[in-house]
Amino acid sequence: MSARRERALRAGQASAERLMDGGHPDHMPVPLPEGVADTWIAFDQAVRDIRRHRYETSCIGDDVVALCHPDGYVREGALRAPDPVLELVAIRCTDWVPAVREQARRVLRAVLDADPAGTVRRLTPLLLRLARREHGAWAAALLPAALRGESLRAELRGSADLPTRRFAARLSLESGEFGVRELARLAAVELDPPTARMWADAALAALATDGPDDRAVDLLLGAHIPMVRACGVTALRGAGRAAEAGVYLTDRSGLVRACARWLVRQDGGDPYARYRELVKDPAQVTPYAVSGFAECARREDGPLLRALLGHPGGLVRAAAVAGLRLLDADDERLLRSLLDDPSPAVAREVSRGLRATAGPLPADWLMARVAPERPTHTRRAAFHLLRARGGIASLRAVTSTSPPRGLPRRSAQGRTDRPVRRGRRAGGTGGRPGPRPPDRRCLRVRRPPDGAPGRADPARGALRAQDRRGIRRVRRRRRSSSDRASTACLRSRCPFRPVPSDMCCVPL
């Protein structure tokens with residue numbers, strides 16, 4: 001889950017909590033960001049969960065709460081009220097109750113006929129999310145007819161919601177109203193990679209159909225996204241400008257460099273020879289030239305890359321280390337001497353190269369490099385090697401010294417791959433699963449210490465509704481049994497062992 005989506009879910013749950021607790025004026029949810037569809041979906045689910053598990057809420061009859069009510073009759077009645085919340089009406093269009101679903105669709109169709117532009121701006125992100133549901137295709141099918149105007153589609157193409165941008169771009173491409181230069185311009189300025197690829201593919205198709213256009217090719221070559229620049233390099237051949245491919249052999253993107261090597265070969269050149277000329281000249285060598293040379297070099301070219309390990313540029317040295325690892329020509333002794341390099345990029349690449357063979361590395365040598373007086377990038381690289389090496393040395397490094405800045409404590413302890421499981425508290429609204437129901441064979445309750453508040457205290461929390469039902473079932477079963485006399489008997493048959501001193505089996 002992305003951080004943005006997690007923030008949206010938390011905002012929706014917080015809105016539901018404030019609404020159900022009566023802490024916001026007029027019993028309305030807190031202001032929600034425009035177009036954040038996940039917030040409304042989380043709000044709807046949270047209100048329903050709170051209403052299902054809390055009977056003492058302060059705004060039971062509110063219209064907003066009624067639209068999210070667990071009872072279908074209440075939801076249907078709320079849809080007949082004047083001016084319902086449009087976001088919740090859109091969610092009710094995917095309701096599992098047919099009567100609620102049909103009523104919500106009638107309301108949404110009426111609002112869409114009255115104000116199509118405003119409704120589309122407000123509900124498009126939410127309707128695209130809801131289209132993934134079983135009954136969500138109906139509302140999403142209304143959007144293409146409502147987005148007939150180019151001005152409205154252009155507005156949605158600039159939306160912060162990425163699915164909305166892609167949907168509007170797809171509709172604009174289906175309309176076929178853009179020329180090749182406009183398609184290339186849209187591909188060059190687009191920051192979303194999937195959307196930019198759609199514009200670039202359409203531009204290449206237009207170039208193949210209408211003929212070469214130097215202005216469109218230049219726009220593609222100047223794009224920020226590597227996929228678009230790669231399309232521009234590919235279009236150079238059709239425009240008769242294959243000789244310019246050598247400029248892009250040192251592009252910062254490996255994809256663009258691969259397309260440039262292909263174009264050089266198609267033009268009869270040798271990209272390997274060009275890379276060797278660039279790497280041999282200390283005045284012209286760049287980090288991306290070294291990376292491109294390593295991508296097409298052979299293992300016997302290892303000495304040429306080793307000669308670059310003494311280059312004054314730290315990025316060039318780091319690219320040489322990465323190239324040696326790519327050619328499988330790196331040397332452990334050589335890499336160990338570079339772990340103390342003053343460049344963080346070199347230390348990072350050395351750490352990556354030594355992780356596969358970190359077992360034989362001396363523990364004392366690594367421990368000396370995690371000392372607090374060492375540079376931060378050296379300590380970080382040594383921590384990663386200690387973690388890959390394993391054993392008591394990594395544990396000693398974590399407990400004896402603090403991890404360097406930028407390295408979380410969990411990463412230093414080697415626990416980043418361990419999932420963190422959090423249960424939902426009683427009455428909570430989170431999407432994570434709640435606590436397990438009580439075992440029917442034996443009910444365990446924690447005995448509070450002397451002077452501590454009991455279970456009925458609000459600070460301790462109350463048992464959930466299903467827990468209370470489970471207790472009643474256990475009590476009925478115990479009353480009909482013949483061995484309910486003593487606690488010792490129940491303790492002897494308890495499936496949970498060992499039982500702590502503050503746990504007891506309660507005879508019911």
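Asp328 is exposed in this predicted model, with a relative accessible area of 52%. The residue sits in the loop between helix 20 (314-326) and helix 21 (332-338). Its phi is positive, near 60°, although Asp328 is a residue other than glycine.

**Backbone: positive phi**

- Most residues other than glycine have a negative phi.
- Asp83, which is not a glycine, has a positive phi of about 55°.
- Asp83 belongs to the loop between helix 4 and helix 5.
- The relative accessibility of Asp83 is 76%, so Asp83 counts as exposed.
- Asp328 is exposed as well, since its relative accessible area is 52% and the cut-off for exposed is over 50%.

**Chain totals and confidence**

- The secondary structure of the protein chain comes to 28 helices and two strands.
- The protein chain has 508 residues, of which 44% count as buried.
- Among the contacts in the protein chain with a separation of 6 or more, 57% are between residues 24 or more positions apart.
- The mean pLDDT of the protein chain is 78, and 73% of its residues reach 70 or more.
- Residues 480-508 have a pLDDT below 50, and this stretch has 42 contacts in the model beyond near neighbours in sequence.
- Residues 409-466 have a pLDDT that stays under 50, and for them the model has 85 contacts beyond four places in sequence.

**Helix pairs**

Two packed helices are described by the angle between their axes and the distance between the axes.

*Helix 4 and helix 6*

- The axes of helix 4 (residues 72-79) and helix 6 (residues 98-114) cross at roughly 15° and come within 9 Å.
- Helix 4 and helix 6 are therefore roughly parallel to each other, the cut-off for this class being angles under 35 degrees.
- The crossing in which helix 4 passes helix 6 is left-handed.
- Helix 4 makes the contact through Gly72, Arg75, Glu76 and Leu79, and helix 6 through Ala99, Val100, Gln103, Ala104 and Val107.
- By class, the residues of the contact of helix 4 with helix 6 are five nonpolar, two polar and two charged.

*Helix 12 and helix 14*

- Helix 12 (residues 180-189) packs on helix 14 (residues 214-221) with the axes 8 Å apart and at an angle of about 10°.
- That angle makes helix 12 roughly parallel to helix 14.
- On helix 12 the contact is made by Val180, Arg181, Ala184, Arg185, Ala187 and Ala188, and on helix 14 by Arg215, Ala216, Leu219 and Leu220.
- The contact of helix 12 with helix 14 has seven nonpolar, no polar and three charged residues.

*Helix 15 and helix 16*

- For helix 15 (residues 226-238) and helix 16 (residues 254-266), the axes come within 8 Å and cross at roughly 10°.
- Helix 15 is therefore roughly parallel to helix 16.
- Helix 15 contributes Pro226, Met227, Arg229, Ala230, Val233, Thr234, Leu236 and Arg237 to the contact, while helix 16 contributes Leu255, Val256, Cys259, Ala260, Trp262, Leu263 and Gln266.
- The residues of the contact of helix 15 with helix 16 divide into eleven nonpolar, two polar and two charged.

*Arg92*

- Arg92 lies in helix 5 (residues 86-92).
- Arg92 has a relative accessible area of 1% and is therefore buried; the cut-off for buried is under 20%.
- Not counting residues up to four places away in sequence, Arg92 touches Asp44, Arg48, Leu67, Cys68, Arg75, Leu79, Val100, Arg101 and Ala104.
- Among these residues, Arg75 and Leu79 of helix 4 and Val100 and Ala104 of helix 6 also take part in the contact between those helices.
- From C-alpha to C-alpha, Arg92 and Glu76 are 9.1 Å apart in space, and they are 16 residues apart in sequence.

*Arg101*

- Arg101 lies in helix 6.
- The relative accessible area of Arg101 is 11%, so this residue is buried.
- Arg101 touches Arg92, Cys93, Thr94, Asp95, Trp96 and His135, not counting residues up to four places away in sequence.
- Arg101 and Glu76 are 25 residues apart in sequence, and their C-alpha to C-alpha separation in space is 8.4 Å.

Definitions and conventions. Residues numbered from 1 in each chain as written. Predicted model: local features only at pLDDT ≥ 70, side-chain atom pairs only at ≥ 80, totals over all residues. Heavy atoms only, no water. pLDDT = per-residue confidence, 0-100. Contact = heavy atoms within 4.5 Å. Axes fitted to C-alpha atoms, helices over the stretch in contact; angles between N-to-C directions. Helix = DSSP H or I, 4+ residues; strand = E, 2+ residues; numbered from the N terminus. Parallel < 35°, antiparallel > 145°, perpendicular 65-115°, else oblique. Left-handed = near helix turned anticlockwise from the far one by under 90°. Nonpolar A, V, L, I, M, F, W, Y, C, P; charged D, E, K, R; others polar. Buried < 20%, exposed > 50% of the residue type's maximum accessible area, 1.4 Å probe, protein only.
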